[in-house]
Amino acid sequence: PDTVPLKHAITSGMRTMEHCLGLNHAVFRDRSLANPDLWLFQPKLMPLLERFGRGELKLEDVVNEAAIDEIARLAATHTVWFVATHYAMRNFTSRPATPKPDEDRFLSPGTRAIWRLFASFPVPPAVLQGEDLLYGLRSRCLLAIHRAGGRVMVGTDAPVTHV
């Protein structure tokens, strides 16, 4: 949930965290920074990603490493599943998944149209570079959760055929 801190949601009994949206934000030192997830649907978040991408804001200055460990410990001691849709999130970076037309034929025409629309959205290079950094941070967080004994599940809410 966007309005509930992740640690509170976990300790209050949240059972799943879909897409891991908010995971990166939960480890930011400065919680007044915007949650950079899903900027495509909230363009006001693009300036934050551009700052990361241009190097004006460095992850090492923003991320609280102890918070990563704390979330991992909480995840291991509470029954919460992190359903990351991590591979699909790669499509917001500068290294999107490579389409496989022979497999995409199984997608509905509407789904193919939506993916074409997303692919045609003009994205400043600095935004993609910022997403690259945040994708790496999300990867680190998920690995910490897994290593601590937390539950990570593979899943997606959209057909993804290019794996």
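1. Start with two helices: H5 (residues 65-77) and H9 pack with their axes 8 Å apart, at an angle of about 45 degrees. That makes H5 oblique to H9, since oblique is what remains once angles under 35 degrees (roughly parallel), over 145 (roughly antiparallel) and 65 to 115 (roughly perpendicular) are set aside. Axes here are lines fitted to C-alpha atoms, for helices over the stretch in contact, with angles from 0 to 180 degrees between N-to-C directions.

2. Who touches whom? On the H5 side the contact (heavy atoms within 4.5 Å) includes Ile68, Ile71 and Ala72, and on the H9 side Leu137, Cys141 and Ile145 are among the residues.

3. A word on the source: this is a predicted model, where local features need pLDDT of at least 70 and side-chain atom pairs count only at pLDDT 80 or more, while totals for chains, interfaces and linings use all residues. Residues are numbered from 1 along each chain as its sequence is written, and side-chain values use heavy atoms, leaving out hydrogens and water.

4. Now the sheet: it is open, with 3 strands in the order E1-E2-E3 and parallel pairing. At its edges sit E1 (16-18) and E3 (151-153), each pairing on one side only. Helices (H or I, at least four residues) and strands (E, at least two) are DSSP runs, numbered from the N terminus; two strands pair if DSSP finds at least two bridges between them.

5. E1 and E2 (residues 81-83) are joined by 3 bridges, and Thr16 stands opposite Trp81 in E2.

6. Back to H9 (residues 125-148): this helix lies across E2 and E3, at about 125 degrees to E3.
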